[in-house]
Amino acid sequence: MKKKQLKLIVVSLFITLLLASCGSGNDTGNGTKDNDTVSDPLEEEVTIKFSWWGADNRHDAMHDVVDLFQEQYPNITVQVEYGAWDGWQEKTLTQLSGKTEADVMQVNYNWLFSFGKGKNIFLDLNEVNDYLTLDNWESSFLEAMQVDGEQAAVPHGMTGRVPLMNQEIYQSNGLDLPLTYDDLLAAAAVIAKDNTSTGEDNQYAYMNVGEFSLDLFIAQMLYNYTGKVMQTDGTVNYTINEVKDVLEKYKALEDAGALPNFVQTSPIDTESNPQWVEGNAGSVYEWANSLAKWTASYKGGEAMDEMIVGDFLQVDADTQPNIYVKPNFGYAISRNTKQPEAAATFIEFLFTNEAAVQASGDALGISSNSVTYDYQVANELVEGAVAQGYEKLDQYEQTVLDPYFEDENVRGERYTVYEAYRTGKFDAEEAAQQFIDKQQAALDKYYQE
């Protein structure tokens, strides 16, 4: 009797559960139930904001990409915010602190690490990998933008500074392009022979436009002469004598007129620098992905055949250097976004829509995303000096910059030392001591746990 009652109870419960299952939700007539229908977030009317920095060619390209995206996804409105590099990091930090940042942000490599002291402050893109195909990047490229085990951003591509050479100034003086630092000194004796202390018409064998270029030029010299990178795990790698020796070698280049000294340096630190525009500089040391704007500004863009990407300066003719490279920039999604799916879909569109890649042209450089790269090759989008720059980088061994190398707190201390040394406030030994001590103090203050 008890067994029979138990069987009836079990059957009753089974029927009840079955009826409950069949009765949950309303039948739509085709077998689909309301609670089984998951709304597609990409079909909702949403607005996202996209921010970036760059020159006019990038601004124009990104506007075209946004228009193309909104044609394909008319329910997603993309607001844009953009400007020049100068001051953009401070602007972004202010927005992040006030939670007013864009949903999709173009980000500099070092931001991923320095903004959060080693903790990822952006959305982990693994959370939206149904909308963003991470497999389109090699794992090593993705790893460069991983923080605290999370995918903080995806890189557009890898880049490095290369020497864009003004062949005309060398050829007109009967000179070959320099291969070593000694070659550069010898070229200065000819090219700069008529220079004055502050003359506007001075000619230089080489030129660093802006503090970033100066900093990386000296950093590459240090790497070339010592075989050691700037810092490892938050510790500066050089001795005072090593830094002193390289600073003296750099100052000898300035004193010879190979490069402008502190007084002769133009305050215009963009492609509009008059010394470059007017053809009075034998080279600019610039990011490979940015070379198009420098060729366009040189003599009004009417003398493209006078320029070529040259070899990297070497310690001697037999020792090829190992070159610093970095992700040129990446794309991140705000942790505060209310539309992560739409934001990820927009990044995916940037990289995998052929029309969007065509619209970008050479404004972003060569991509490390496999789909984008294939489109760039098929459409012959990357050419001229930009293509030459990447071809040149591929001829050398490469080292990815430490993420704190470009942080303004650390780099700013190096700038202070360079200025004091170049203006005579410090001698080489004092400058070397400060170079190490101030940089290490910044690393200890901001980035050591």
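Visitor: Is tryptophan 53 buried or exposed?
Guide: Tryptophan 53 has a relative accessible area of 8%, so it is buried. This is a predicted model, so the values here are computed from it.

Visitor: How many aromatic pairs does a search of the whole structure find?
Guide: The search finds 28. One of them joins tryptophan 53 and phenylalanine 329, with ring centres 6.4 Å apart and planes at 75°, so this pair is edge-to-face.

Visitor: Which parts does that pair tie together?
Guide: Tryptophan 53 is in strand 1 (residues 46-53) and phenylalanine 329 is in strand 12 (residues 323-333), so the pair links parts that are 276 residues apart in sequence. Phenylalanine 329 counts as buried too, at 1% relative accessibility.

Visitor: What about tryptophan 276 and tryptophan 294?
Guide: They form an edge-to-face aromatic pair, 6.4 Å centre to centre and with 70° between the planes. Tryptophan 276 belongs to helix 10 (residues 274-277) and tryptophan 294 to helix 11 (residues 291-297), so that pair ties together parts 18 residues apart in sequence.

Visitor: Are those two buried or exposed?
Guide: Tryptophan 276 is buried, with a relative accessible area of 0%. Tryptophan 294 counts as buried at 2%.

Visitor: Which residue lies over the face of tryptophan 287?
Guide: Lysine 326 does, at 4.6 Å from the ring centre. In another place, arginine 414 lies over the face of phenylalanine 405, at 4.3 Å from the ring centre.

Visitor: Where is arginine 414, and is it buried or exposed?
Guide: Arginine 414 is in helix 16, and it is buried. Other buried residues of that helix include Val410, Tyr418 and Tyr421.

Visitor: What do the buried residues of helix 16 pack against?
Guide: They pack against helix 8 (211-226), strand 8 (231-232), helix 9 (240-255) and helix 17 (428-447).

Visitor: What span should helix 16 have?
Guide: Helix 16 has 15 residues (408-422), and at 1.5 Å a residue they should span 21 Å. The end C-alpha atoms are 20 Å apart, which agrees.

Visitor: And what is at its ends?
Guide: Aspartate 407 caps the N-terminal end of helix 16, with a side-chain oxygen 2.9 Å from the backbone nitrogen of asparagine 409. Just after the helix, glycine 424 takes a positive phi of about 90°.

Visitor: New topic. Where is glutamine 151?
Guide: Glutamine 151 is in strand 5 (residues 150-151). It is buried, with a relative accessible area of 2%.

Visitor: What lies 3.0 Å from a polar atom of its side chain?
Guide: The backbone oxygen of leucine 142 does. Leaving aside neighbours within four places in sequence, glutamine 151 is in contact with several residues, among them Leu123, Asp124 and Met145.

Visitor: And serine 360, where is that?
Guide: Serine 360 is in helix 13 (residues 354-360). Its relative accessible area is 9%, so it is buried. Apart from neighbours within four places in sequence, serine 360 is in contact with Ala61, Met62 and Val65.

Visitor: Now the whole chain. How many helices and strands?
Guide: The chain has 17 helices and 13 strands. Of its 449 residues, 51% count as buried.

Visitor: What does the C-alpha trace span?
Guide: Along its principal axes, about 115 × 50 × 40 Å. The chain exposes about 20,800 Å², and carbon and sulfur atoms supply 48% of that.

How values were computed
Residues are numbered from 1 along each chain as its sequence is written. This is a predicted model: local features need pLDDT of at least 70, side-chain atom pairs count only at pLDDT 80 or more; totals for chains, interfaces and linings use all residues. Side-chain values use heavy atoms; hydrogens and water are left out. Helices (H or I, at least four residues) and strands (E, at least two) are DSSP runs, numbered from the N terminus. Buried means under 20% relative accessible area, exposed over 50%, partly exposed in between (1.4 Å probe, protein chains only). A polar contact is a pair of N or O atoms within 3.5 Å; within protein, one must be able to donate a hydrogen and the other to accept it, and residues adjacent in sequence count only if both atoms are side-chain atoms. Contact means heavy atoms within 4.5 Å. Rings of Phe, Tyr and Trp (its six-membered ring) pair if their centres lie within 6.5 Å; planes under 30 degrees apart count as stacked, over 60 as edge-to-face and the rest as tilted. A charge sits over a ring if NZ of Lys or CZ of Arg is within 6 Å of the ring centre and within 35 degrees of the ring normal. The expected span of a helix is 1.5 Å times one less than its number of residues. Accessible areas come from the Shrake-Rupley method with a 1.4 Å probe; for residues, only the protein chains shown count as cover.
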